[in-house]
Amino acid sequence: MSALGTAKTFVADDTAAVATFLGTRPARVRVRSGGSRQLRLPEPGDATVLDLSRLTAIVRLDGPDQTCTVECGLPRADLDAALATCGLELPCPGGGTLGGLFASDPIGASTFGGPSPRSLLLGMDAVLADGTPFKSGARVVKSVAGFDVHKLLVGSEGRLFVATRLHLRLKPAPRCVQWFCRTGLDVAAAIDCLRKLQQEPVPPAAVQLVRAPDGSCAVQGRFAGRAAFVAEMLRRHGLPESAPCWRDHLDPPTHGEVVGGATLVGALPVLSSHLPANASLLWQGGGRFEAALPDAISADAFLHTCANGGVSTLVVHGAPERRGHGTLRDDGHQRLQDGLRRALDPHGILV
Ligand SMILES: Cc1cc2nc3c(=O)[nH]c(=O)nc-3n(C[C@H](O)[C@H](O)[C@H](O)COP(=O)(O)OP(=O)(O)OC[C@H]3O[C@@H](n4cnc5c(N)ncnc54)[C@H](O)[C@@H]3O)c2cc1C
């Protein structure tokens, strides 16, 4: 069943409704699940919003197999609550809905080499821009079923196809979790702390560096596992226990912008040295970073430096005309991306 909501919004109740709507050949469509990211995307113009927020079912939760199938409009918080009752978790950071989180992948992994939306997505049900439904991947962890088309969802931001159901890998919730927060560090000391944590055979379950506008840094996160292991890790690295502390994103300063990218721990000293003294930096253990810059001029200067250093970076929060502005992709990458868009959405319906 489906219903047209307010003008220019189509509210879908199931996969069939999504397929029927797209089959009517709407001119331009913006996919929206929870909607929390819409202000960070390019303006949709006159596009009709395809609203997936009613697709909220947990279709299947297989505890022994540690997998589940969810509809894309399901809020992450609702899935977390259901998983907690059977001792499982979705081991990647991020909020909003599952569809929005996997399609935008704004944070990646929370620790060195940790699980991220890309590695947790086992398969999906989806609909092409012309209304053709398709399935990719499988419900199970061990699948030999060829090319992983479903991985294209991750980071596609609703521009390639519309996912309606996701098959996800889960993991057991740890027996003991302890958050830590070491504050008052300078950049060098914070990076040294990160490097030592990275060398552990079992690194923290989550770790991030936060540089405040006054230049002081914190290394924070959580260890998970057996109680004795968690206590030993905190002692060995001199990490004070703390209440849960984690930031998914930075807020932009007034008139400022947030730029995002990815870099390894080893490149953090250089990256940090190119930021204005009063810019905040948030670096996630999986490698993603955000930097909050006071204005567009300093953001452009930073983007330029990143481009010269081979770090791909773009404006993720700023004035509408600035969103998505960033370092140029190489020609091959750009051609591949444009070709994928043309192949999957030849009429450029999904914006
Ligand atoms: C409280 C809060 C604060 C946030 N703050 C920030 C922030 O400061 N900076 C930041 O970068 N992000 C921020 N986010 C966004 C967040 O990190 C994720 O991007 C978010 O989880 C997306 O969820 P959503 O359901 O609201 O996404 P939506 O806005 O609905 O969608 C996100 C993207 O995914 C696409 N999409 C959604 N569903 C599908 C689907 N089923 N198939 C194909 N494409 C789809 C959409 O077209 C869109 O491009 C915030 C989210 C929350 C909840």
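Is Arg322 buried or exposed? In this predicted model, Arg322 is buried, because its relative accessible area of 14% falls under the 20% cut-off.

**Arg322 and its surroundings**
- You will find Arg322 in the loop that runs between strand 19 and helix 9 (331-344).
- Beyond its neighbours within four places in sequence, Arg322 is in contact with Glu257, Ala296, Ala299, Asp300 and Val315.
- With Asp300, the side chain of Arg322 makes a polar contact of 3.1 Å.
- Ala296 is 26 residues away from Arg322 along the chain, and their C-alpha atoms are separated by 8.5 Å.

- An open sheet is built from 8 strands in the order 15-12-14-13-17-18-16-19, with antiparallel pairing.
- Strand 15 (241-242) and strand 19 (313-317) are the edge strands, each pairing on one side only.
- Within the sheet, strand 13 (residues 206-211) pairs with strand 17 (residues 280-284) in the antiparallel sense, over 4 bridges.
- Gln208 stands opposite Gln284 of strand 17.

**Helices on the sheet**
- Helix 5 (residues 187-198) packs on the sheet and touches strand 12 (176-185), strand 13, strand 14 (217-225) and strand 17.
- The direction of helix 5 makes about 15° with that of strand 14.
- Helix 6 (residues 227-236) also packs on the sheet, where it touches strand 12, strand 14 and strand 15.
- For helix 6, the angle between its direction and that of strand 14 is about 160°.

How values were computed
Residues are numbered from 1 along each chain as its sequence is written. This is a predicted model: local features need pLDDT of at least 70, side-chain atom pairs count only at pLDDT 80 or more; totals for chains, interfaces and linings use all residues. Side-chain values use heavy atoms; hydrogens and water are left out. Two strands pair if DSSP finds at least two bridges between them. Helices (H or I, at least four residues) and strands (E, at least two) are DSSP runs, numbered from the N terminus. Contact means heavy atoms within 4.5 Å. Axes are lines fitted to C-alpha atoms, for helices over the stretch in contact, and angles run from 0 to 180 degrees between N-to-C directions. Buried means under 20% relative accessible area, exposed over 50%, partly exposed in between (1.4 Å probe, protein chains only). A polar contact is a pair of N or O atoms within 3.5 Å; within protein, one must be able to donate a hydrogen and the other to accept it, and residues adjacent in sequence count only if both atoms are side-chain atoms.
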